[in-house]
Amino acid sequence: MIAHGECIKIFHCNANKELAKQIADIVGVPVGDAQIGTFSNGEISVNINESVRGADVFVIQSTNAPVNNHLMELLIMIDALKRASAGRITAVIPFYAYARQDRKSKPREPITAKLVADLITTAGADRVLTMDLHAPQIQGFFNIPVDNLYAMPIIANYFLEKDLKDVVVVSPDVGGVTRARGLASRLTAPLAIVDKRRPKANVAEVMNVIGDINGKNCIMIDDMVDTGGSIANAGKALIDRGAKEVYVACTHPVLSGPAFERINDSVIKELIVTDTIPLPGDKCSDKIKVLSVAPLFAEAIHRIYEALSVSKLFD
């Protein structure tokens, strides 16, 4: 995609090396030579072994678990590139952590999404490229350009090729209606909503299902699946109310704690995720299908480098 010899460089940290290599291959440049390790006391060490002076540099790093290590790797890599006189630094963050605390919902709460934005900017990033932020307003937490990509077209194409009949798209909560409506529009399908309350973090109780799901193939859509409790409960509620089969799609497979066990034991037919977060090698599920976002990120990097519109990707 990029002609050899042009001044673009792609580096990665340790969070998602395979995705970074796929993106670099599609862009048509080698992965930059850098080493990210730790000192004996656990502090992160970054060494960049090639010149980046004046280059347009893209650093690919998801901030998945271990979140704090991966975030610090990104910050230190950006700082090293800035001090090495990189021309422009774009932080490519397929999964943006700490995004669920994006506002004060009760007294004395932090707004960690804003804090992380400040850290990335202070480290020296000139631009951010990310995917499916938990809340769109997080873009406004930055004083630098932010391009927020969407996995929706990739997920929609998967289901269109699957050619399911009698489909209804389900939002797992009221807050996700806009996302679910977008998928429903692409699939020309009706919409339903799971009404639930969350008494505490990572705990959800289904209260009701709004919409006709009887005898339907239900597709639940969310930006992330964490412990899997919400989708397992919602899936059971849909089946109990007459749904034929339940599919779940999300962009970010956080899948922490008992997530894999809950998914395997649930009524969910299939969980469709992307590779913004790599799945752990020691855990697996036959129910999980992974879709690649590498071509989309590669095209976005090409457009940023060429000063072309990124939003045109989703017209």
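A: Tyr158, Phe159 and Tyr247 form one aromatic cluster, and that cluster is the place to begin. The model is a predicted one, in which local features need pLDDT of at least 70 and side-chain atom pairs count only at pLDDT 80 or more, while totals for chains, interfaces and linings use all residues. Residues are numbered from 1 along each chain as its sequence is written, and side-chain values use heavy atoms, with hydrogens and water left out.

Four aromatic pairs come out of a search of the whole structure, where rings of Phe, Tyr and Trp (its six-membered ring) pair if their centres lie within 6.5 Å, and the planes count as stacked under 30 degrees, edge-to-face over 60 and tilted for the rest. One of them is Tyr96 with Phe142, an edge-to-face pair at 6.1 Å centre to centre and 65° between the planes. Because Tyr96 lies in the loop between strand S5 (88-93) and helix H3 (112-123), and Phe142 in the loop between strand S6 (127-131) and strand S7 (146-149), this pair ties together parts that are 46 residues apart in sequence. The element labels are DSSP runs numbered from the N terminus, helices being H or I with at least four residues and strands E with at least two. Tyr96 is buried at 4% relative accessibility, and Phe142 is buried with a relative accessible area of 7%; here buried means under 20% relative accessible area, exposed over 50%, and partly exposed in between, with a 1.4 Å probe and protein chains only.

Phe159 lies in helix H4 (residues 152-162) and Tyr247 in strand S12, so the pair ties together parts that are 88 residues apart in sequence. Both Phe159 and Tyr247 are buried.

Eight of the nine residues of S12 are buried, so the strand is largely enclosed by the rest of the structure. Strand S11 (residues 217-225) runs parallel to S12 and is joined to it by eight bridges, two strands being taken to pair if DSSP finds at least two bridges between them. Within that pairing, Asn217 stands opposite Glu245 of S12. S12 also runs parallel to strand S13 (residues 270-274), with three bridges joining them, and the bridge partner of Ala249 in S13 is Ile272.

Helix H6 (residues 229-240) has 12 residues and reaches 16 Å from its first C-alpha to its last, close to the 16 Å expected at 1.5 Å a residue, where the expected span is 1.5 Å times one less than the number of residues. The buried positions in H6 are Gly229, Ile231, Ala232, Ala234, Gly235, Ala237 and Leu238. After H6 comes Gly242, whose phi is positive, near 105°.

Thr251 has its place in S12 (residues 245-253), and at 2% relative accessibility this threonine counts as buried. The side chain of Thr251 makes a polar contact with the side chain of Asp132 at 2.4 Å. A polar contact is a pair of N or O atoms within 3.5 Å; within protein, one must be able to donate a hydrogen and the other to accept it, and residues adjacent in sequence count only if both atoms are side-chain atoms. Apart from neighbours within four places in sequence, Thr251 is in contact with Met131, Asp132, Ala151, Asp222, Asp223, Thr274 and Thr276, contact meaning heavy atoms within 4.5 Å.
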